[in-house]
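Dear colleague,

I am handing over the structure below, and after it I set out what was found in it. Please read the notes with the model open beside them.

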There are 2 protein chains.
Amino acid sequence: MADSRPIGVFDSGIGGLTVFRAIAERLPRERILYLGDTARVPYGTKSRETVSRYTRESARFLLRRGIKALVVACNTASALALPSLQGELPVPSLGVIEPGAHRACRLSRSGRIGVIGTEATIRSGAYREAIRRTRADAEVAAAACPLFVPLAEEGWAETEVARLVAETYLADFAAREIDTMVLGCTHYPLLKGVIGKVLGPGIRLVDSAEATAAEAADLLGKGGLLADGEGAVEHHFYVTDSSSRFGEVGSRFLGMPLARLEQVDITGDL
Amino acid sequence: MADSRPIGVFDSGIGGLTVFRAIAERLPRERILYLGDTARVPYGTKSRETVSRYTRESARFLLRRGIKALVVACNTASALALPSLQGELPVPSLGVIEPGAHRACRLSRSGRIGVIGTEATIRSGAYREAIRRTRADAEVAAAACPLFVPLAEEGWAETEVARLVAETYLADFAAREIDTMVLGCTHYPLLKGVIGKVLGPGIRLVDSAEATAAEAADLLGKGGLLADGEGAVEHHFYVTDSSSRFGEVGSRFLGMPLARLEQVDITGDL
């Protein structure tokens, strides 16, 4: 049994490309349709209701293009929209919260786990709940870090500004004695260097992108949905805004130029 | 002749409240309908096409509520969308670019004028053109400062981070010997302190909010559109996202709580 239909990967914008890359590396035979809702990015400061509406429109767009599974590669959409959407979807789906939470529970010795993310993700409590479901005795310390996203997009990861911002946001974690920190936003792996330096060598960082790619492979395998083609696959990138910014910043995320980039209108796809 | 219809003030989100406040102070008899497109904020990283579509939907929404004039209190929308929209509107309209440019030309002695704003505003060249129309010999130096908006919204205006970011963005202006700087984004007046300190006392800062309020008063006066009621007027705030964030951050901008705040759906208002 082999299934040649593509996998849909959805994000509010550019950050989900870290998840795209991890999936493409782990499952090189799979064709991926990536949708970035760049006309309405960011989701991290918006309400559950608005994020749910946007996520639903995005899922419908990808479903109409024949995907066999949906990966929501945006922490905010995974936290706020996926739980209610999941039951309605005709294909298997996966967010980034559960994989990140599972990996953190596996890596942590003390059970004291930190989580950083956008305002909306942290306010939702989704990571805390997912961690507690896996490890009921875990102690979770969480903080929103709104300036990390613009710092990553500006390419300022290695600056004195990034160090100062990280020190400000992460100061309280030292007292909580965590041994594991979940990077609960797809942009944050770009700041891994400075976050790791500020937290110190005793704390392990969990990058949800890799964890999500591993769980996606598992999900497809169990469902008999893996492709078995040979030769190079053709990925496709859709964005909702016409700006050249996605191509520019996106190539920094992927480390290569983005081919087959197309602008689409998804509003009203309900 | 008196006209009791409200003035419409539109912004991509919260920043336009600085313009709202300036108009409310200068024209205390005027009722204002403020619309913040918080479900799609920010506009500053998006394309001309997308910003134009959003601005048109917002204008239609306010027109259906009977406004007598439209003030586009967002630099990005003023730069990218207003020029093409202006001819279609059945009421007089005004952006923030022209008033800021006019004031800068009046204040500058040397004719060397700086402009800072979002990526989209700076890339559009709208300030440069507006300044040159008023003062053909002006030399304009412009720079995008993407991190200023999140710094202002985080309430980090008085921090060491804000100082470092301002020093980074503004370093090149010293060599250009400007004597006037346009704060070409409605968020930037919140960072006036640190921007002024980094630029030094020889450079005057132009806050478009006040300049826009003065031109709005002029526009209404010439058109016989001023109100003459007595007693307190009731302003109304509309937002497109349900988040409590507008109320929270907005009260920091206005220095008082926002009464009569309502969520609306404006998509498809074309």
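A residue is called buried here if 20 or more other C-beta atoms lie within 10 Å of its own, exposed if 12 or fewer do, and partly exposed in between, the C-beta atoms being placed from the backbone. This is a predicted model, in which local features need pLDDT of at least 70 and side-chain atom pairs count only at pLDDT 80 or more, while totals for chains, interfaces and linings use all residues. Residues are numbered from 1 along each chain as its sequence is written, and chains are lettered from A and ligands numbered from 1 in the order in which they are written.

I begin with some backbone details. Most residues other than glycine have a negative phi, and most peptide bonds are trans. Arg260(B), however, has a positive phi near 45°; this residue sits in the loop between helix 12 (245–254) and strand 10 (261–263) of chain B, and it counts as exposed, with 11 C-beta neighbours inside 10 Å. (Helices, H or I of at least four residues, and strands, E of at least two, are DSSP runs numbered from the N terminus.) Glu177(A), also not a glycine, has a positive phi of about 50° and belongs to the loop between helix 9 (160–176) and strand 7 (180–183) of chain A; with 13 other C-beta atoms within 10 Å, Glu177(A) is partly exposed.

A cis peptide bond, with omega about -5°, links Val41(A) to Pro42(A), and Pro42(A) lies in the loop between strand 2 and helix 2 (48–64) of chain A. In chain B the bond from Val41(B) to Pro42(B) is likewise cis, with omega near 0°.

Next come the strands, where two are said to pair if DSSP finds at least two bridges between them. Strand 2 (residues 32–36) of chain A runs parallel to strand 9 (residues 236–239) of chain A, and 4 bridges join them, with Tyr34(A) having Phe237(A) as its bridge partner. Strand 9 of chain A also pairs in the parallel sense with strand 10 (residues 261–263) of chain A, over 3 bridges, and there Phe237(A) is partnered by Leu261(A).

Helix 11 (residues 208–222) of chain A has 15 residues and reaches 21 Å from its first C-alpha to its last, close to the 21 Å expected at 1.5 Å a residue, where the expected span is 1.5 Å times one less than the number of residues. Its buried residues include Thr212(A), Ala216(A) and Leu220(A). Just after helix 11 of chain A, Gly224(A) takes a positive phi of about 65°.

Two residues are in contact if their C-beta atoms, placed from the backbone, lie within 7 Å. Leaving aside residues up to four places away in sequence, Val71(A) touches several residues, among them Ile23(A), Leu94(A), Thr212(A) and Ala216(A).

Finally, the two chains: a rotation of 180° with 0.0 Å of shift along its axis superposes chain A on chain B, with an RMSD of 0.0 Å, which is the relation of a two-fold axis. The copies are superposed by least squares on the C-alpha atoms of residues with pLDDT of at least 70 in both. Of the residues of chain A, Arg40(A) comes closest to the rotation axis, at 2.4 Å (C-alpha). The copies meet through the same surface, because 100% of the interface residues of chain A are also interface residues in chain B.
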